[in-house]
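Colleague: I would like to go through this model with you. Can we take the labels one by one and ask what stands behind each?

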Amino acid sequence: FGKFQVARNAPGLFRTPDSVEETPMAVAFHEDGRAVTVEDPAQPGETVSILGTGFGPVEPGGLDGFAAPAAPPLALKDTLEAVAGGEVRPTVWSGAAPGRVGYSLVRMQVDSTMGQAQNLEIKVRINGRESNPVLLPLQ
C-alpha cells in the first residue's frame, strides 16, 4: 500500500503515440476534425482543439463511464489558462471532450503572434496546477 494525493485538478495533455521524449507532439485537431501534424500544421486564425485529462469537474455534471454529449456541452467549472510559448493566451472553451469518455478538451485560437513555421510549446494551468508541455505545429 502506498500514499497518494487526490487533487481536484491534475491536468495532463496527451501526446501522439509516435512522439519521442524530445518532441512530444500534442493530440490536437483542426476545426474540421483532421489531426494537427507537422505535415498539416495549425493555421493563423483557426481554432484548434487539444486533448487532455484531469482538468476537473464540469457543469452540468456528466455520467461517469459514458461519452460526454455534444449538447449540452459539459463546460469546465474551474478557470483554465492556456500557456503558449510561455505566455497566457485566451481560450475559446474548455470542458469534457464530446463523444469521448474521460477526456478533457481545450479550444484555442491560433494567432500570428504565436509565431510561424515552428512547434509551439503548449501547457494548461488550472487552480495553480500545471500540465506537461506538448508541441503544437504552426504553419
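Predicted model: local features only at pLDDT ≥ 70, side-chain atom pairs only at ≥ 80, totals over all residues.

Colleague: What about the second largest pocket?

Modeller: Its space is about 200 Å³. It is lined by 13 residues, and the closest to its centre are Thr-16, Asp-18, Met-25, Val-36 and Thr-37. By class, the lining has 7 nonpolar, 4 polar and 2 charged residues.

Colleague: Now Ser-94. Why does Ser-94 count as buried?

Modeller: Look at the value. Ser-94 has 11% relative accessibility. Buried means under 20%. So Ser-94 counts as buried.

Colleague: Where does Ser-94 lie, and what does Ser-94 touch?

Modeller: Ser-94 lies in strand E8, residues 93-96. Leaving out residues up to four places away in sequence, Ser-94 touches Ala-75, Leu-76, Leu-80, Leu-105 and Val-106.

Colleague: Why is Ile-122 called buried?

Modeller: The relative accessible area of Ile-122 is 0%. The cut-off is under 20%. Ile-122 is therefore buried. Ile-122 lies in strand E10. Beyond residues up to four places away in sequence, the residues that Ile-122 touches include Leu-13, Ile-50, Met-108 and Leu-136.

Colleague: What makes a set of residues a nonpolar core?

Modeller: The residues must be buried, of the listed nonpolar types, and joined through side-chain atoms within 4.5 Å. The largest such core has 23 residues. Val-48, Ile-50, Phe-55, Met-108, Ile-122 and Leu-136 have the most contacts inside it.

Colleague: Which elements give two or more residues to this core?

Modeller: They are strands E3, E6, E9, E10 and E12. E10 gives the most, with 4 residues.

Colleague: How many residues are in the second, separate core?

Modeller: That core has 5 residues, including Val-27, Leu-51, Trp-93 and Leu-105.

Colleague: Why might nonpolar side chains be found together?

Modeller: In soluble globular proteins, nonpolar side chains tend to be buried together.

Technical notes: Residues numbered from 1 in each chain as written. Heavy atoms only, no water. Buried < 20%, exposed > 50% of the residue type's maximum accessible area, 1.4 Å probe, protein only. Contact = heavy atoms within 4.5 Å. 1 Å grid on protein atoms, 1.4 Å probe; cavity = no way out; pocket = protein on both sides within 12 Å on 5 of 7 lines; lining within 4 Å. Points joined across faces, edges and corners; volume = space filled by probe spheres on them. Nonpolar A, V, L, I, M, F, W, Y, C, P; charged D, E, K, R; others polar.
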